[in-house]
Amino acid sequence: MGDEIPRDHREKLERLRKKHGLGYDLYQAMNDLKLRWRKENIRVALVGESRIGKSSHINAHLREKKAAPVSATDQCTMEVNFYEHPDNPNLLLYDTPGLNTAEVNRESYENYLNVEDYDFFLSLTKDIIRPDVRWL
């Protein structure tokens, strides 16, 4: 069942078949549907405790030292920011505020993140996975 073509795609293909016949146009439409993912954004939110290296991780992907601001002394990222990956502008990396600071705790963290806005979450940690990170 998972391999079935979605109903809206079948209807589109049927319209193309009636309009153009079974030749190249139908093949091209199937190929366009198959490759549609390449045109859509993939949104990855980096989450974790404060000063864990979320911004540094993004900078490493971007191959820039200061694209995402980094601070060694205190909380730097206070709002969600996104960066396009240099090799694929559809891959969006989101730098999020760190968990467990004076401004951001478990109760307020959900106010910073709307879970539905992201396709994937990358949870960064060091040494051990603390209870609040496991909660993420």
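What is the relative accessible area of D119, and does that make it buried or exposed, or something in between?

Tutor: D119 has a relative accessible area of 36%, which makes it partly exposed. Here is how that word is used: buried means under 20% relative accessible area, exposed means over 50%, and partly exposed is in between, with a 1.4 Å probe and protein chains only.

Some ground rules come next. This is a predicted model, in which local features need pLDDT of at least 70 and side-chain atom pairs count only at pLDDT 80 or more, while totals for chains, interfaces and linings use all residues. Residues are numbered from 1 along each chain as its sequence is written, and side-chain values use heavy atoms, with hydrogens and water left out. The pLDDT is the predictor's confidence in each residue, from 0 to 100. For the protein chain its mean is 77, and 78% of the residues reach 70 or more.

Now the partner of D119. Its side chain meets that of R43 in a salt bridge, at 3.0 Å from N to O. R43 lies in strand 1, and D119 in the loop between helix 4 (106-112) and strand 4 (120-124), so the pair ties together parts that are 76 residues apart in sequence. A salt bridge needs a side-chain nitrogen of Lys or Arg within 4 Å of a carboxyl oxygen of Asp or Glu. Helices (H or I, at least four residues) and strands (E, at least two) are DSSP runs, numbered from the N terminus. Side chains of opposite charge can pair when their charged atoms come close. R43 is partly exposed too, at 26% relative accessibility.

The whole structure holds two salt bridges. The other joins R63 to D87, with the closest N and O atoms 2.7 Å apart. It also links distant parts of the chain: R63 sits in the loop between helix 3 (54-62) and strand 2, and D87 in the loop between strand 2 and strand 3, 24 residues apart. R63 and D87 are both exposed.

Back to R43. It stands opposite L92 in strand 3. Strand 1 and strand 3 run parallel and pair over five bridges. Two strands count as paired if DSSP finds at least two bridges between them. Strand 3 has another partner: four bridges join it to strand 2, and these two run antiparallel. There, N81 stands opposite D95. Strand 2 and strand 3 form a hairpin, with six residues between them. Four of the five residues of strand 3 are buried, so the strand is largely enclosed by the rest of the structure. Confidence is highest in strand 3, at a mean of 92, and lowest in helix 2 (residues 24-34), at 68.

Next, the core. A nonpolar core is a set of buried Ala, Val, Leu, Ile, Met, Phe, Trp, Tyr and Cys residues joined through side-chain atoms within 4.5 Å. The largest one here has nine residues, including A45, L92, Y94 and Y118. Strand 1 (42-48) and strand 3 (91-95) are the elements that give it two or more residues. In soluble globular proteins, nonpolar side chains tend to be buried together. Contact means heavy atoms within 4.5 Å. Leaving out residues up to four places away in sequence, A45 touches Y94, T96, Y118, F120, F121 and L122.

Last, the rings. Rings of Phe, Tyr and Trp (its six-membered ring) pair if their centres lie within 6.5 Å; planes under 30 degrees apart are stacked, over 60 edge-to-face, and the rest tilted. That rule gives three aromatic pairs. F82 and Y94 have ring centres 5.5 Å apart and planes at 35°, so this pair is tilted. F82 lies in strand 2 (residues 81-84) and Y94 in strand 3, so the pair ties together parts 12 residues apart in sequence. F82 is partly exposed at 48%, whereas Y94 is buried at 13%. Y118 and F121 form an edge-to-face pair, 5.5 Å centre to centre with 65° between the planes. Y118 is buried at 10%, and F121 is partly exposed at 39%. Ring pairs link F82, Y94, Y118 and F121 into a cluster.
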